[in-house]
Amino acid sequence: MAGHPESSASFSPAKPLRGSTKVPADKSVSHRAAMVAALCHGDVVIRNFLNADDTNATLAAMESCGVAVERHGGSLFTVHGVGLRGLRPPGGTIDIGNSGTSIRLLPGIFAGQPGAFTLDGDESIRRRPMDRVVAPLSEMGVGIEAREGRFAPLTVRGGVVRAIDYDMPVASAQVKSAVLLAGLFADGPTSVTEPALCRDHTERMLAGAGADVTRSGMKTTIRPVERLELEEVRVPGDLSSAAFLVVAATIIEGSSLRIEEVGVNPTRTGLLDIMSAMGADIRVENEREQSGEPVGDLVIRSAQLRATSVGGDISGRAIDELPLVALLAAFAQGETVVGGADELRVKESDRIAGLVSSMAAIGVEIEAREDGFAVSGGGGVRGGVFESHGDHRMAMLGAIAGLASREGVVVRDFDCVSVSFPDFTNRVSRLVGGGDVCWYWL
Ligand code: S3P
């Protein structure tokens, strides 16, 4: 599990958020940039790479497989790609820490490399289901072994890869990406059909690097290639990190905030749609394309919210942000119900169980449903002690809840925020004018 249970931070009721900010680079796009760059023929410059635990784990994994990475300072890197089949097994196990995206995507890449690659991670990773990638990769003829057939550590033996037409049983971008990456090495066109819209960063980046990727309805097809080439990737800001600030600015009265250069890929913007339906005041300005990804500035003003009902496709497009809907719902008149979100149970923690107990502990009327949760809104947040269970997104949710609360919130096990948003507290504290967000390690 990421973080240390004894590290806690306290967040007091805050003044409105004002001004303009950026957020850390997109985690999903950064992972893919490191992986695709490693497979490229020649050098790839990555600008605005996310310098956080998860993405550094992917970069380190590539380095341990023989890829040279030059660090120019800050978030600027040059990756000396070794070509499609140029990775070499490191001496020992590759430790990917808390990163689900690393452990589920890398087997797709290792499928085409000579030798055996073993991947492992922390306690939370060891509890998460890996059979979802083991099954399709086995079907492709890849030698892949998992503990009890379904848990980390995983060992992948690359070699001949068979093309498949895969009907994906779970809506997972990680699974889709693993199969498409393995498809780069296959003996024909490989297709994945997704049951609901999942983020498509892998497809966009591979297409940018010269792969033949096409989409028809919910089916994506990739054809094997001889080589990939990519001069440069500029990673946009992460909407999933921006989401915490977007929600804070919406529920803390008097806020007016601009967040610059955020990825607004439509496979990721479910939260913005949910919030619009709740009456939030959010505009996307200056929309443009950058390294194959839609990017824009978010302009948010606080607003009175009404309850909503969330389900189906939109849950998938907001999967990492759904816990934030519980906080929005606490400030909205009426009952908000979130469904179609059973995947929340197998994230960095069981985000339905954790959300319900932690939100209830700070005075929110919330109950668990099998595939989501329901909140009786209007009462806001009283305050209290919020357990993050070592999950970075839950820790930041607790922090924002504290800023919007009446009595303040202590978030237990807070330092796991370094998984995706290392300078979260400084950034938030600047936006609320300094001193008001009182945080400290207990
Ligand atoms: C991710 C996909 C999603 C998401 C995760 C990042 C990715 O997971 O929750 O934070 O980068 O592909 P699933 O593929 O399990 O839905």
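## Ligand site and local backbone features

In this predicted model, an oxygen atom of the ligand is 2.7 Å from an N or O atom in the side chain of Ser28, a polar contact being a pair of N or O atoms within 3.5 Å. The protein covers 95% of the 390 Å² of accessible area that the ligand has on its own, with areas taken from the Shrake-Rupley method and a 1.4 Å probe.

| Side chain | Distance to a ligand oxygen atom |
|---|---|
| Ser28 | 2.7 Å |
| Ser172 | 2.7 Å |
| Lys347 | 2.7 Å |

The model is predicted, and local features require pLDDT of at least 70, side-chain atom pairs count only at pLDDT 80 or more, and totals for chains, interfaces and linings use all residues. Residues are numbered from 1 along each chain as its sequence is written, and side-chain values use heavy atoms, with hydrogens and water left out.

Around the ligand stand Ser28, Arg32, Thr101, Arg104, Ala171, Ser172, Ala173, Gln174, Arg199, Ile319, Asp320 and Lys347, where a residue counts if one of its heavy atoms lies within 4 Å. By class, this shell holds three nonpolar, four polar and five charged residues; Asp, Glu, Lys and Arg count as charged, Ala, Val, Leu, Ile, Met, Phe, Trp, Tyr, Cys and Pro as nonpolar, and the others, Gly among them, as polar.

At least two shell residues come from each of helix H1 (27-39), helix H3 (100-110) and helix H6 (173-183); helices (H or I, at least four residues) and strands (E, at least two) are DSSP runs, numbered from the N terminus. The ligand lies between domain 1 (9-24 + 236-441) and domain 2 (28-224), because both give residues to the shell; the domain bounds come from an automatic or database assignment.

The peptide bond from Ala152 to Pro153 is cis, with omega near 0 degrees, and Pro153 lies in strand E9 (residues 151-157). Glu261, a residue other than glycine, has a positive phi near 55 degrees and is found in strand E15 (residues 256-263).

Conventions:
Polar contact = N/O pair within 3.5 Å; in protein donor to acceptor, adjacent residues only side chain to side chain.
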